[in-house]
Amino acid sequence: MLSSLPPREREIVDILYERGASTVTEIGEAMPDELSGSAIRAMLKRLEGKGFVAREQSERGFLYAPSVPEKAASKSALGQVVRVFFNGSATSAAAALLGMQDEMSGSELDELEKLIAQAREGRAK
């Protein structure tokens, strides 16, 4: 889904997920390098046409926001990472995450255990 976007367009969508609904000026300020307002507007128009961004009028001008729910976008991106870097193996991806346990808090590890238990319960039904 989002992985099919050119890098600049993806950057804009990522900014909108991070910051929420934003104006062209706010998006420009969040970009790592300077782009003209017209270049940002052109990319937003393409993103709107592709269904990734929605626009609405506000007292500050047009506000742009992602139209794909962040959870769906995250799931799609993670699926691509698993396919590309782990040969489609969710187990290998999970093992790689668990290899980072020194960077995880106890509560994060507890949350992973809980999610695994829920996944097993869902399979049993």
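## Contacts of glutamate 9

Contact here means heavy atoms within 4.5 Å. In this predicted model, glutamate 9 is in contact with Met43, Arg46, Leu47 and Lys50, its neighbours within four places in sequence being left aside. The residue is placed in helix α1.

Glutamate 9 has a relative accessible area of 3% and is therefore classed as buried, the limit being under 20%. Its side chain makes a polar contact with the side chain of arginine 46, at 2.8 Å.

## The largest nonpolar core

The largest nonpolar core comprises 17 residues, of which Ile12, Ile27, Leu44 and Val53 touch the most other members. Helices α1 (7-19), α2 (24-30) and α3 (37-50) each supply at least two residues of this core. The greatest contribution comes from α1, with 5 residues.

For isoleucine 12, again leaving aside neighbours within four places in sequence, the residues in contact are Ile27, Met31, Ile40, Met43, Leu44 and Leu47.

## Leucine 115

Leucine 115 belongs to helix α6, which spans residues 106-124. Its relative accessible area is 42%, so the residue is partly exposed, a class that lies between the limits of 20% and 50%.

Leucine 115 and proline 32 are separated by 83 residues in sequence, and their C-alpha atoms are 36 Å apart in space.

Definitions and conventions. Residues numbered from 1 in each chain as written. Predicted model: local features only at pLDDT ≥ 70, side-chain atom pairs only at ≥ 80, totals over all residues. Heavy atoms only, no water. Core = buried A, V, L, I, M, F, W, Y, C linked by side-chain atoms within 4.5 Å. Buried < 20%, exposed > 50% of the residue type's maximum accessible area, 1.4 Å probe, protein only. Helix = DSSP H or I, 4+ residues; strand = E, 2+ residues; numbered from the N terminus. Polar contact = N/O pair within 3.5 Å; in protein donor to acceptor, adjacent residues only side chain to side chain.
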